[in-house]
Amino acid sequence: MSAPGGTALVVVDLQNDFCAGPLAASRYPGDPARLERVAARTAQVLAVARAAGTEVVHVRFLGDTRFQGPAWRRRDAALGKRPKCLEGSWGAEFAAGAEPGPGEAVFTKRTCFDAFLSDGFERHLRGVGAHHLVFAGLFADVCVDSTARTAFQKGFEVTVLRDCTTALHLPDEQILHFMARLYGARVTSADRAEVWSRRPGEEEPCPTPSRPGRAAASPGASG
């Protein structure tokens, strides 16, 4: 399926170990309810995108030690970090409501942040004619940012749905402002489908309000 208007919705790492259950809650510095809201809002956006025929792409993370490089293993050992989203585990499964639909592409990151490092991700986007990527998922300051950064450098236009993501290490608004400044990312909300479903600059124009006290001239009326 080609991407209408060149837009693809990219859902990043919306997996149980990141947004559901005790492990996700213990890692997230804010209110865990925020993670639930992100998952719920993304599920709503998925429904809107599917109804409109927008290309939907899912990205997942696998953190098994066999996929980790020496630097990753050394960091985890120094910080006492345990691997997450182990292949075949409940934690690696997509969150409820965010599961891939029939025919939707899924790409796997094996212990890396950037979706462009997963096999076939860029090739798929080019193949469906996607020029504009709309990001939802986790985390705004880790895998969403890493993928958005590469997207920008490869010529894709970037939109981030602020209520469909949240940051792990930085304040949400700080990383969203950073992406807007550095990558020219358009940051908008999930309920503005008329904005995010189009490439930047192609949004539906707002109707021009009529001036108070001026009646519209009828066709053919003389001045």
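User: Before we start, what counts as a salt bridge here?

Analyst: A salt bridge is a side-chain nitrogen of Lys or Arg within 4 Å of a carboxyl oxygen of Asp or Glu. Please keep in mind that this is a predicted model, where local features need pLDDT of at least 70, side-chain atom pairs count only at pLDDT 80 or more, and totals for chains, interfaces and linings use all residues. Residues are numbered from 1 along each chain as its sequence is written, and side-chain values use heavy atoms, with hydrogens and water left out.

User: Why is the pair Arg-199 and Glu-157 called a salt bridge?

Analyst: Their closest N and O atoms are 3.1 Å apart, and the limit is 4 Å, so the pair qualifies. This pair links distant parts of the chain, 42 residues apart: Arg-199 sits in the segment after α8 (193-196) and Glu-157 in strand β5. Helices (H or I, at least four residues) and strands (E, at least two) are DSSP runs, numbered from the N terminus.

User: What makes Arg-199 partly exposed?

Analyst: Buried means under 20% relative accessible area, exposed over 50%, and partly exposed in between (1.4 Å probe, protein chains only). Arg-199 has 25% relative accessibility, so it counts as partly exposed. Glu-157, with a relative accessible area of 26%, is partly exposed.

User: How many salt bridges does the structure hold?

Analyst: The structure holds 12 salt bridges. One of them joins Glu-122 to Lys-154, with the closest N and O atoms 3.0 Å apart. Glu-122 lies in helix α5 (residues 121-127) and Lys-154 in the loop between α6 (140-153) and β5 (157-166), so to speak of distant parts of the chain here is to speak of residues 32 apart.

User: Why is Glu-122 called partly exposed?

Analyst: Its relative accessibility is 23%, so Glu-122 falls in the partly exposed class. Lys-154 is partly exposed at 36%.

User: How do you know that Arg-192 and Glu-194 form a salt bridge?

Analyst: The closest N and O atoms of Arg-192 and Glu-194 are 3.8 Å apart, which is within 4 Å, so the pair meets the definition. Arg-192 is partly exposed, at 38%, and Glu-194 is partly exposed, at 32%.

User: Which residues does Arg-162 touch?

Analyst: Arg-162 lies in strand β5. Not counting residues up to four places away in sequence, Arg-162 touches Arg-34, Glu-173, Leu-176, Val-187, Thr-188 and Ser-189, where contact means heavy atoms within 4.5 Å. At 34% relative accessibility, Arg-162 is partly exposed.
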